[in-house]
Structure formats: structure tokens, C-alpha cells
Amino acid sequence: MSVPLWITATPPAAHGELHIGHLAGPYVAADVLSRALRADGRPVLFTTGTAEHGSSVELRALRTGRKPAEVAEGYRQAICADLLRAGVVFDRIVHPRTADGYGSWVQDLFTRLRNEGVLAARTRLMPYCESCDRWLHGAHANGTCPHCALPCDGNACPSCARPNSSGELLEPRCALCDTPAAMRRCRRLHLPLEPFRDQLADYWADAELPPRLAALCEQLIEDGLPDVAVCQPGEWGLPVPGEDFAGHRIDACFEAAAIHLFGYRLDLHPAPEQTMHFCGFDHAFCQTVLLPALMLAQGIKLPQGFCVNEPLVLDDSVLPGEQPATVWALDLLTEFGSDSLRRHVLQTRPVGRAVHFSRADLEQARRTLDATWNSWLIRLFAQIRQDCAGRVPDAEPGGAGWPRLRELLLRTAEDLAVAYAPDSFDPRRAVALLDETVRSVDDFAHINAHERRRPTGHGRSMAATVAQLEVAGALSAWARPVMPEGADRLAAALGLPTGRAITADALAAPAPGTRLSPPSGPVFGF
């Protein structure tokens with residue numbers, strides 16, 4: 001069996017449902033790459049997990065009077081259902097609380113790293129809430145980032161992505177009761193990163209990081225790589241093995257990195273051809289620093305690629321930690337469908353800068369599908385039903401402007417191959433190419449529609465119809481990574497197989513005489 005290209009996406013935290021920002025971040029884009037590579041015949045392993053042991057899960061449970069396990073399980077199910085509804089299909093989703101052997105595997109990894117001296121005990125100051133009688137780590141602590149002076153919680157800053165180990169927070173407060181925290185000494189296990197300085201620097205240089213990510217890594221090296229806390233005293237999460245840290249739990253950031261390793265099991269399978277990590281910049285430290293450090297500690301170095309997004313800015317009139325009802329993934333998928341939502345988040349994907357979510361832009365994405373994609377296909381199917389009793393005519397493709405259009409389509413196939421490739425991945429460019437294809441064939445259809453009015457135009461009209469069917473056949477393959485639901489409906493209507501290669505060979509009409517089966521509603525979206 002060929003070794004796969006391994007695609008990872010940040011494990012979503014099981015403290016809430018998916019919202020539009022999640023889909024605009026790692027998940028839809030990673031799914032596009034996965035589908036495009038499979039269509040090209042390349043083996044892929046697409047993995048993630050659900051972050052069920054995070055402090056945000058425990059905090060949500062405390063705020064709602066529920067047990068953390070109930071919160072984690074309820075949102076785990078909702079997250080997986082929403083991903084499927086959005087057409088994001090993973091080969092493997094690691095569920096920490098239910099995956100066979102997961103807990104013992106992570107604890108064994110933790111023990112092995114400690115025995116090898118990779119982990120070391122450190123006593124540092126850590127915020128403590130005397131009112132709640134609770135150590136404040138992760139989401140339990142609110143404060144100011146010591147590096148960028150913006151609001152953040154414990155462990156990592158969402159703005160600059162740098163870790164803080166909670167004890168470095170400025171003016172820490174309890175996220176539950178808002179009481180100013182007291183600072184107490186706490187002995188925890190840490191992963192010192194400075195011993196990996198040279199290896200990580202080489203690793204990042206080989207990966208050709210995006211500029212903002214490269215700046216983060218260079219800043220970390222310049223300031224001295226930190227000691228990262230990998231456990232804390234608490235009641236929720238995997239227990240730290242060993243009696244000397246009884247009552248401590250493995251840190252959620254360490255576990256997020258371990259989820260990726262468990263998803264592939266490098267200890268059982270050949271190393272992948274390459275790894276593509278999809279994450280938001282706020283999770284970049286875990287993906288870019290901690291995960292490689294854990295791999296390097298085990299003698300594993302893989303070719304890496306990183307696809308990093310900035311945040312999608314949502315309505316700021318709601319309370320911190322909450323999302324307005326209009327941006328929940330389930331609500332938007334129910335109202336707009338996966339095709340409209342996927343193409344919208346790819347068109348407006350926040351790369352290099354934050355992007356504000358606009359419902360009006362999402363509605364425009366649906367109107368574009370209706371006014372161009374669906375309008376052209378509805379006319380094409382109606383014409384074939386009227387002129388050919390719903391069967392593909394026996395004619396060679398042609399019509400006014402067809403040679404020029406076909407030449408454009410052949411170049412489009414080449415450009416799509418670049419846009420869908422791992423090293424030049426650009427899903428926004430893919431959407432633009434697909435839209436340009438539909439606009440061009442729509443113009444071609446309108447121009448050649450007049451052939452039906454000419455007494456001598458029947459043959460030319462049939463040739464133009466077959467030419468449009470060739471484009472429709474191509475789109476059922478070319479558009480599938482972006483809009484799989486509509487592309488599969490189009491393939492079924494044409495009687496073509498799904499998942500065909502995204503090449504010029506897809507530019508082919510169904511066999512003459514094939515009876516078409518167009519859907520009763522729109523092909524793309526609804």
C-alpha cells in the first residue's frame with residue numbers, strides 16, 4: 001500500500017457547537033484538499049479529533065451545573081453531525097473518551113517522555129481562585145497576555161499565539177467568579193523546548209512557513225524557547241501517570257498534539273509522504289511547535305506543510321464565549337445548504353488577515369449559484385428534454401465559439417490542478433476558476449440558443465448542446481472538492497461516476513442516447 005499524504009485539522013473543543021468561524025477556518029479547506037487528492041488517485045489520511053478534556057469543557061460544565069462528561073459527549077455528537085452535514089468527511093476522528101486504547105496510549109507516551117528526560121518538573125507561580133478553591137489554568141483564567149498585552153486566557157494567547165503557562169498572565173482573574181487570582185507556587189511537569197532549538201529551527205526552515213507563522217517561530221527562538229506546562233492540578237482530563245503527581249491531569253494542549261499522533265499511529269504504520277496541518281493562527285503553537293517537538297523527541301521528522309487561517313470576526317455584541325444564533329453551523333447549513341456555505345467560506349477565507357462575517361455575502365453566494373450555475377443547468381436540461389426526449393444527442397461537440405471556449409477549459413483544468421495541489425493550495429482561486437467556467441459556458445449557451453431558430457441550425461444546436469454537456473461533465477468532477485453535494489447531484493443527473501480526476505479528461509459528455517435524470521430542484525445549493 002502506498003504511503004498517504006497525512007492531512008490534519010485542529011481538534012474542535014467539545015464545549016460548544018460549530019459556528020461559521022470553524023468552517024471558514026481549517027475544516028472545509030482541509031476537506032477540499034482531501035477530496036482533490038483522492039480524485040487524483042493519491043492516497044490520503046485525513047484525521048482530527050474532538051478536544052474533550054479541555055478546560056473550556058470543564059468551565060462550561062461549571063457554568064451550567066452539568067458534569068464535564070455530559071458536556072463533552074453532547075457537543076461531541078453535535079460537532080460530528082455538523083461536520084458531516086457540511087460535507088467534511090474525515091477518515092478518522094479520535095474521540096478521547098471512547099477511542100479504544102487512547103487513554104493508555106497517551107499515558108504511555110507521557111511516561112516514556114518523562115523517563116527519557118524530555119519532561120522535567122518545575123515549580124512556578126500559578127493563579128489560584130480562593131473563592132472557588134480552584135487552580136486557574138487554560139479557560140479558567142482570564143487576564144492579559146504578557147507578550148502582546150491583549151486579553152487572553154491561560155496557556156496561550158489567541159491574538160499572538162504565544163504560550164503563557166497561566167502563571168505569566170497579567171492581572172489574572174477567575175473566569176467563573178471574576179475574582180482576582182492569588183499567585184501560589186505549584187509544581188508541575190514541563191516540556192522544555194530549548195533543547196530542541198536547532199532541530200525545530202531546521203524543521204521550520206524546511207517547512208517554508210507562512211510569513212506570520214515564521215515570525216512567531218523566529219520570535220520564540222530569539223526570546224528563548226519556553227518551558228511548556230504539560231499538566232496541572234485538577235479533576236477533569238487524563239490523570240498523569242505516577243504517584244508523585246497524583247491529582248494532576250495531562251494538559252489539553254499536550255493532548256491535542258497526542259490526538260494527531262494517535263490518529264496516524266506512526267509507531268504502527270510507515271511514515272506518510274507528507275503532512276499538511278490545517279489550523280487557525282490561535283492554535284498555531286500546538287501545531288507548529290509542540291507537535292513537532294513531540295515527534296522530534298521520538299526521532300520522527302516528516303515533511304510538513306501548514307495552511308493557517310486568521311479568525312472570522314463575528315458579531316461583537318454578544319457575551320464573551322458565546323456566539324449569536326445566526327452564525328451556528330447547523331442553522332446556516334439548514335437555511336443555505338452545504339454548497340452555498342462551503343463556497344462562501346472558501347471565497348472569504350481569512351488568510352493573512354481577519355475577515356468579518358457578512359450574512360449578506362452568504363446570501364449573495366446562494367444567489368450566484370441560482371443565477372448562473374443552476375440557471376444554466378435548468379435551461380440545458382429543459383432543452384434536452386424538449387429537443388431530444390431527455391436523451392443525450394448523437395453529435396460532436398461544437399457551436400459558435402466552442403474552439404475558443406474549449407481552449408479556455410483546457411487551461412482551466414491545468415490551473416485547477418495547481419489550485420488544488422498541496423504545495424500551491426488555493427481554494428479561493430479554485431472557486432474563481434469554477435465561477436469563470438460557468439459564466440463562460442452560460443454565455444456560450446445564450447449565444448448558441450439562437451441556432452434553434454434557424455431552419456438550418458438543428459445540427460449546430462445539437463453540437464452546442466453536447467458541448468455544454470461536456471462542460472457539465474467536467475464540473476461534476478472539477479467542482480466536487482468545493483461543493484460535493486451539488487457535484488454529486490450533477491454527476492447522478494448525467495449518469496457519470498463521482499470522484500473522477502480533476503483533469504481535462506473530465507471534459508466529456510455522457511454517451512449518446514443516455515437518458516438524463518435531472519433533480520426536481522436546484523443542482524447546487526437549494
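How do the axes of helix α9 and helix α14 cross, and within what distance do they come? I looked this up in a predicted model, where local features need pLDDT of at least 70, side-chain atom pairs count only at pLDDT 80 or more, and totals for chains, interfaces and linings use all residues. Residues are numbered from 1 along each chain as its sequence is written, and side-chain values use heavy atoms, with hydrogens and water left out.

**Entry 1: the helix pair**

I found that the axes of α9 (residues 329–347) and α14 (residues 484–494) come within 7 Å and cross at roughly 120 degrees. Axes here are lines fitted to C-alpha atoms, for helices over the stretch in contact, with angles from 0 to 180 degrees between N-to-C directions. Helices are DSSP runs (H or I, at least four residues), as are strands (E, at least two), numbered from the N terminus.

I then listed the contact (heavy atoms within 4.5 Å): S338, D339 and R342 of α9 meet P484, E485, G486 and R489 of α14.

**Entry 2: two positive phi values**

Most residues other than glycine have a negative phi. I noted E171, with phi near 50 degrees, in strand β8 (residues 170–174). E171 is exposed, at 68% relative accessible area (buried is under 20%, exposed over 50%, partly exposed in between, with a 1.4 Å probe and protein chains only).

I also noted E208, with phi near 50 degrees, in the loop between α5 and α6. E208 is exposed, with a relative accessible area of 70%.
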